[in-house]
Amino acid sequence: MKSITMASLPDALISPLELSHKVWEDPSFIKWKKRDAHVPLRCHDTVDGSLKYWYRRSKVDKLVSNLAVWDDNAVTGALDSAAFWVQGLPFVQSLSGYWKFFLAPSPTDVPLDFFKTNFDESNWGSLPVPSNWQMHGYDRPIYTNSQYPFPLNPPYVPDENPTGCFRKHFRIPNEWNGRRILLHFEAVDSAFQAWINGVPIGYSQDSRLPAEFEITDYCFPCGSSEENLLAVQVMRWSDGSYLEDQDHWWLSGIHRDVLLLAKPQIFIEDYFFQSWLTKGFSYADIQVEVKINGLGGSNEIDRHADINMEAILYETGKWYESDENVDLQASEVARLELCPSNKNIGFHGYKLVGKLENPKLWTAEHPTLYTLIVILRDASEQLVDCESCQVGIREVSLGPKRLLLNGCPIVIRGVNRHEHHPRVGKTNIESCMVKDLVLMKQYNVNAVRNSHYPQHPRWYELCDLFGVYMIDEANIETHGFDLSSRLKHPTSEPTWANAMLDRVISMVERDKNHACIISWSLGNESGYGPNHSASSGWVRGRDPSRLLHYEGGRSRTSSTDIVCPMYMRVWDIVKIAKDPTETRPLILCEYSHAMGNSNGNIHEYWEAIASTEGLQGGFIWDWVDQGLLKEGADGTKHWAYGGDFGDIPNDLNFCLNGLTWPDRTPHPALNEVKYVYQPIKFTFVEDKFKIFNSQYFETTDNIEFSWLLVGDGKCLGSGMLSVPLLKPLDSHEIELKSSPWYSLWESSPAAEIYLTMTAKLTQPTRWAEAGHVLSSRQICKPVKRAHIPSVIELPESPQLLIEQRDGAITISNLNEWLVEINSRTGTLDSWKVANVALICKPMLPYFWRAPTDNDKGGLSNSYATKWKKFFLDNLIVCTESCSMQKLTNHVAEIVVVHKVIPKDQSFVPNSDRFENNVFHKRMVVFKVDVTYLIYATGDLVVKYNVYPHSDLPPLPRIGVELHIDKSLDQIKWYGRGPFECYPDRKEAAQVGIYELNVENMHVPYIVPGECAGRADVRWAAFRNCDGIGLFASCYDGSPPMQMNVSRYSTEELDKATHEEDLVPGDDIEVHLDHKHMGLGGDDSWSPSVHDQYLIPPVPYSFSLRLCPINSSSSCHDIYRSQLPKP
């Protein structure tokens, strides 16, 4: 392939797009006339103005998150945010707003000379900038995980390459007269060229980092009556797309803001703040490397006696101690002066040095920031230029098997985060970013990995302010090359070396002053090769103050300071941590894949992390479901995923892996994350309660402790807990006998006693109100005496009335209730109480569940595939025998033998769903023996003995399905809750008595499946508005149940592909399970439920108790009572 280099372009302003060579298909040509990467520039006019800018910009907290918008209002919200971000900057102008727009089918089909000032744009449409054009009706979004959305033929892209043409008119303010004008694009996807007044001014690739061009000579002078024209041509696909194969939506356009910057003739163009803490942290040596533009070839300040510079550090914490007028400049704490020796080989800037006494250190727990002002003055001390940012003083280092921050081995309680908005795609909104951070902090998340690209500049400022550790990741992923046996990853190809290194350099240079960044990342899933080695060498040379991260090459190469595997099983990470030859810490870059109803087993990771030196946490995949808003045929909008836009190829719903829905409503699993991430730990061992402050830098000064003792679901007592101030990593023990709840526990007759200990904030923070629960744990306490249930005395009358006719057995007690059992099927078909139908369909043993995403993962080896192979989704219950006898005047017994077989009896043993001719033609998947004991009191005890076929795979559930009348929609239960929980995801769900409407039990995962479960349920009541209903409990020594209650049938949940497709049934479906398989979640593409949460095909026995109830019935009394043995 013929190549063109940047240096080979003529000095004359000839657009690279005007050449016959397709530069967007040349990895050696990545930019033209683009300025070097640097930190964001503010262009202040005064020191006081810069301080006021940060004073206002830092006044952001949880209240801002309440303004987050996720619907069509987000379009305006994005424009408002772009305007807000430049407020207080007199020499920065945002060009956000509506631009003229035309979408061409390819770069060769753009309108002729559209970039010229005399072009007629009157028939063009308009498009907001910033935005992705696919989110405004042009083209279509495409979602892929690893495969490229075009043929893998690097560096070529399809001829059909949608190309956006933009035009925007602007004027240069009069106040900018005599200044140099810079045009700054914060991010454009994927490659673009720009023109000013018909003159080409630059070309750039890299969809997630800025491109900046000087346009001084091409603009009309200030005060001119003529408007300037900015024209931009954006190609959807370029050779750069081969480096951007991240697992997210492919969206195009100018998706971050476009700025005009006005700088003096000599100006500060970049600066790098660094600090070095002394032992004991009594002071910090501080330094700022500064680059100056405009000094000419000498680039020496000492040859320009009329120019000098300094830097000042201000302590921002003092600004907010009073609501009155604040003297911002009085907060100065250090002044940095030009280093007299400035002859470092290879560095052509200037160094300012100083010392900060008694620095206040930045951590995620206490994110103290300083404001740095860099000032350029002339000989008369007049300000020439002024730049600023916020910085933190902290030290990132490595110890043996430890990542250290300020000398402490912090634990990473992290999440991965894509930039994603359901309405505006990759465009950012201030309140929505704040919403993410408020939620993260409230759910005890302390770290974020920018997956898998540098994000909006404001995101870093907010993470500095809120206190979130960050891995900043280069915009490099070439995952799709894994699917080819003939192509090497670009990291092994010299032709891609410059493009890859440029992306890493540009990230570091833009973001280098942010305290939150503790590690740089070379990208994601891009193999491993020489180009990574080159990038790692550059980063370590440029910034030795941070660590380096890269998972490629099996996460243990020389290019990473952290062992950073993804989705590695618990036992394997423990093995690495215990390997004496591995001295690096292990932090999972991705784990606990949060796809749909997931995140089972996560507590096992954290038990290992807490007990194993060398394990320092990880980043859950990922933060938000990447659903996009799409309008349906009925005009309503719903969350859409891959394929919903007609996008081919696509990876369906693999973009829905979040701990939150697209509008940041938390998934139930986020409660489990909050629990395993909580900073205050409560334990009970050997009659001692221990409270441990696992924070590394914060005391418990802003925390109050309380306790609650509950017996059989009822409060026995509560109160505040007197705990001394706990320093970081300090603990406090309470002897059981000296505890304030001891006498209550000792005297309680309850059969079950739970102690809940809670830690709450006493003062509001940036991210939570006072009273916010930081940590809570419920501890089951042993009872002092064995509970002896009261045995119900059966009255002499009324007696059971039994009638058999037409294949039905009816059992009643006068006119109070009537039970009907089908003598042919042996099933309980109907149960009526006071003319209210409690059960309206046959009560049956049940073994299937609507597969979750994790159940489907693994193709032919998935749980769902194996279940369907044995027809678990298509079974019918047949009856081998049904016999009835009246044991006494008050008890009747019906014994039934069921055989559960495939509903379709036309199969032959050698069909595709069978192997080795295992089954005969009337295959029996389960044999179930059922005994009904019907009492005159209205109680029904059902005993089940289940015998699965021994060749079955692990089972979804062993339980009973009921269909109750749709009016019984008030659900009350004694078990874990109040939120959804399952056997392997229930640590956060506390045992208690809860009450919800059936609609609120449902969990609306975007792709329906098994949901709404509640674990360890002792009893449940299903009532109508009059209090009439049905009671159900485990019985006769059976363990607590797993319960599901839904208006949607299991078949409906299995069939629907979108939540909005679900059709409620005519009744309420209830599942009471003796056993229910865990959810898994170590990943979503292989069977990952841990062994202890599987249900092997062995015999099971359990009993249930059912009875009618009214508004005055005590469920607790029923549960604790015993029916007499017949």
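This is a predicted model: local features need pLDDT of at least 70, side-chain atom pairs count only at pLDDT 80 or more; totals for chains, interfaces and linings use all residues.
Residues are numbered from 1 along each chain as its sequence is written, and side-chain values use heavy atoms, without hydrogens or water. Local features need pLDDT of at least 70, side-chain atom pairs count only at pLDDT 80 or more, and totals for chains, interfaces and linings use all residues.

Start with the open space. A pocket is an open set of points on a 1 Å grid over the protein atoms alone, where a 1.4 Å probe fits, with protein on both sides within 12 Å along at least five of seven lines; lining residues have an atom within 4 Å of a point. Volume is the space filled by probe spheres set on the points, which are joined across faces, edges and corners. The largest pocket has a volume of about 1200 Å³. It is lined by 41 residues, and Glu365, His366, Pro367, Thr765 and Arg766 lie nearest its centre.

The second largest pocket has a volume of about 820 Å³. Its lining holds 29 residues, with Trp606, Ile609, Ala610, Ser611 and Lys681 closest to the centre. Helix α9 (602–611) is among the elements that supply at least two lining residues each. α9 gives the most, with 6 residues. Helices (H or I, at least four residues) and strands (E, at least two) are DSSP runs, numbered from the N terminus.

Now helix α3, residues 73–84. Its 12 residues should span 16 Å at 1.5 Å a residue, and its end C-alpha atoms are 16 Å apart, which agrees. The expected span is 1.5 Å times one less than the number of residues. Ala74, Val75 and Gly77 are among its buried residues. Buried means under 20% relative accessible area, exposed over 50%, partly exposed in between (1.4 Å probe, protein chains only). The cover over these residues includes β2, β3, β4 and α4.

Asp511 sits in helix α6 (residues 497–511). At 1% relative accessibility, Asp511 is buried. Beyond neighbours within four places in sequence, its contacts (heavy atoms within 4.5 Å) are Pro454, Tyr460, Asp472, Ile517, Trp520 and Arg546.

Last, the salt bridges: a side-chain nitrogen of Lys or Arg within 4 Å of a carboxyl oxygen of Asp or Glu. The count comes to 63. Arg423 and Asp72 meet in one, at 2.8 Å, N to O. Arg423 lies in the loop between β23 and α4 and Asp72 in the loop between α2 and α3, so the pair ties together parts 351 residues apart in sequence. Arg423 is buried at 14%, whereas Asp72 is partly exposed at 42%.
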